[in-house]
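Dear colleague,

I am passing on the structure we spoke about, and below it you will find my notes on what was found. Please read them alongside the model itself.

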Amino acid sequence: MSEKQSKAFVVFSGGQDSTTCLFWAKQRFQEVEAVTFNYGQRHKLELECAASIAAELGIKHHVLDMSLLGQLAPNALTRSDMAIEQGDNGLPTTFVDGRNMLFLTFAAVLAKQHGARHLVTGVCETDFSGYPDCRDVFIKSLNVTLNLAMDYPFVVETPLMWLNKAETWALADELGALDYVREKTLTCYNGVQADGCGECPACELRRRGLEQYLAAKAGGSGV
Ligand SMILES: [Zn+2]
């Protein structure tokens, strides 16, 4: 690998994907900082989980208040009276229009202040559940927009863009972080750390990917 690049900011939720991105960034950049958005998540544990992972990995952690998200759009991520399910528009009720765009844009403003050019996000087109602002074409478009908006050469890094869940587990394993990601992260919509509640859509997706990866590994084949 070429010499490590200077500094990256990771958009970090404490979940499987962004924690894998954190390990990925640590391997590539001299300095890594993380930014987590507090948008009134159903489970405060999510924020605690993100803070403790950042502390354990020795990463400077910023938490930004994005509670206005719940004002902009009612959604199942912030409202405990809304079920997590497929909505009438074909999108899950966890969807918030423009959420990734907003998060990345705020992360960019902060990153520039701290002298970081690289923004790392765990968005993924493979399992994108219909979220338009997780698509590669959108990220590339936003990258251009950010650079023009702030006259700054940002590089938006998306290490998980074309990976499925099994391949994301494989990447964590390559980075020597499989057990860490499995035990310390929180992906579950019901706020249960590690392997989760086992019943919500997030747990289902995570478990299926892990089983697939572990089976492939045991069988000696790639994912
Ligand atoms: Zn769950």
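Why does C203 count as partly exposed? The reason is that C203 has 18 other C-beta atoms within 10 Å, and by the definition used here a residue is buried if 20 or more other C-beta atoms lie within 10 Å of its own, exposed if 12 or fewer, and partly exposed in between, with C-beta atoms placed from the backbone.

Before the rest, two remarks on the source. Please keep in mind that this is a predicted model, in which local features need pLDDT of at least 70 and side-chain atom pairs count only at pLDDT 80 or more, while totals for chains, interfaces and linings use all residues. Residues are numbered from 1 along each chain as its sequence is written.

As to the overall fold, the protein has eight helices and five strands, where helices (H or I, at least four residues) and strands (E, at least two) are DSSP runs numbered from the N terminus. Along the sequence they follow the pattern β-α-β-α-β-α-α-β-α-β-α-α-α, and of the 223 residues in the protein 37% are buried.

Strand β2 (residues 29–38) has seven of its ten residues buried, and it pairs with two strands, β1 and β3, pairing being assigned if DSSP finds at least two bridges between two strands. Strand β1 (residues 5–11) runs parallel to β2 and is joined to it by six bridges, with A8 having V32 as its bridge partner. Together with helix α1 (residues 16–28), strands β1 and β2 form a right-handed β-α-β unit, which means that, with the strands pointing away from the viewer, the path from the first strand over the helix to the second runs clockwise.

Returning to the cysteines, an unreviewed UniProt entry annotates C188, C197, C200 and C203 as "binding site". These four are spread over 16 residues of sequence, yet they cluster in space, with a largest C-alpha distance of 6.9 Å. Please note that such annotations may be inferred rather than shown by experiment.

C203 is found in helix α8, whereas C197 lies in the loop between α7 (178–184) and α8 (201–218). C197 is likewise partly exposed, because it has 13 C-beta neighbours inside 10 Å. Leaving aside residues up to four places away in sequence, C197 touches C188, N190, V192 and C203, and C203 touches C188, G196, C197 and G198, a contact being two C-beta atoms, placed from the backbone, that lie within 7 Å.

With best wishes
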